[in-house]
Amino acid sequence: QGQFYTPDANTLYTPLGFLDKDILFWSTLGVSYAFNLFIGGAQLVSGVLLLFKRSRALGFFSAVLTFTAIVSINFCYDISVKLFALFLLFLSLLGSSRYLPKVYALLKDQLRLPSLQISRPFWYWSLKAMVILLILFELLFANIRSSSTKSDQAAIPSAYQVLSHHAGDSLLQEKPFKRFFIHRLNYLILQKEDDSMVDYKIKNLRAKQQLIVYNKRLPNQKTVQRKMDYTYSPTDSLFQLRYTEGGQKHEVVAKALATEDLPLLQNQFHWTIEGVK
């Protein structure tokens with residue numbers, strides 16, 4: 001859940017063809033906890049092997065294979081960490097280069113290869129301590145920030161199906177819309193009838209049950225704030241959103257969607273291909 005997290009509600013309710021390749025790939029990995037353990041375990045094993053002198057060569061070669069696969073995924077799915085992945089692959093190749101003479105020597109007699117001299121990188125050890133500190137800082141900071149974000153989520157569902165919209169048919173000048181989402185990173189996302197999405201930055205005042213909406217979509221104008229009062233009833237899962245627009249009072253009534261019941265989030269396992277019912 002730190003890197004490949006469960007997709008947010010707005011992603012779950014977006015038609016497949018509307019998703020970018022990187023979001024689709026990221027979301028696919030996020031729904032499989034077992035695969036997260038597998039791919040994370042493979043990288044962890046490589047890291048542990050690097051800590052010990054006798055296993056360090058195996059650790060570097062394992063890292064080369066792992067990061068080669070990651071780099072290929074980043075380029076094929078247009079994931080925006082290509083330079084960072086290439087840098088990690090470069091470090092793995094650099095670390096493994098010091099062991100290439102030994103590997104070459106083992107294969108030389110069997111494959112009748114010519115003699116080859118490969119120099120050992122002289123600045124490797126000078127950067128080791130700094131790299132370790134940077135890795136530890138990134139890991140700790142990312143996990144602390146992720147935990148803080150999750151604990152700060154609102155105690156209300158994140159996805160809603162619109163049931164009725166009284167005294168008008170627009171919300172923030174967007175119409176018509178069929179669903180809306182309160183994103184964990186404080187965004188109000190509207191899903192229109194054509195399944196397109198539009199988002200607004202918000203501040204959720206939970207104590208007052210109020211949303212402060214920041215509209216930055218108006219060119220050459222200052223940010224506009226709109227206050228929206230809301231109430232949520234856990235008994236019937238109804239969410240009411242009240243606001244004033246154009247001098248007219250509006251009220252949106254919506255029902256919370258049980259995103260956890262979607263087929264994509266079910267932990268299913270099949271040994272064989274089942275027949276179509």
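1. Tyr160, Phe180, Tyr230 and Phe239 make up one aromatic cluster in this predicted model. Rings of Phe, Tyr and Trp (its six-membered ring) count as a pair if their centres lie within 6.5 Å; planes under 30 degrees apart are stacked, over 60 edge-to-face, and the rest tilted.

2. Eight aromatic pairs are found in the whole structure. In one of them, Tyr160 and Phe239 are tilted, at 4.6 Å centre to centre and 40 degrees between the planes. Tyr160 is in strand β1 and Phe239 in strand β7, 79 residues apart; strands are DSSP runs of E with at least two residues, helices runs of H or I with at least four, numbered from the N terminus. Tyr230 and Phe239 are stacked, at 5.4 Å and 15 degrees.

3. Tyr160 is buried at 0% relative accessibility, Phe239 also has 0%, and Tyr230 has 4%. Buried means under 20% relative accessible area, exposed over 50%, and partly exposed in between (1.4 Å probe, protein chains only).

4. The largest nonpolar core has 22 residues, and Tyr160, Phe180, Ile182 and Phe239 have the most contacts inside it. Such a core joins buried Ala, Val, Leu, Ile, Met, Phe, Trp, Tyr and Cys residues through side-chain atoms within 4.5 Å. Another core, of seven residues, lies apart from it and includes Tyr13 and Phe181.

5. In helix α2 (residues 21–30), the buried residues are Phe25, Ser27, Leu29 and Gly30. Leu44, in helix α3 (residues 33–50), is exposed at 59%.

6. Residues are numbered from 1 along each chain as its sequence is written. Local features need pLDDT of at least 70, side-chain atom pairs count only at pLDDT 80 or more, totals for chains, interfaces and linings use all residues, and side-chain values use heavy atoms, without hydrogens and water.
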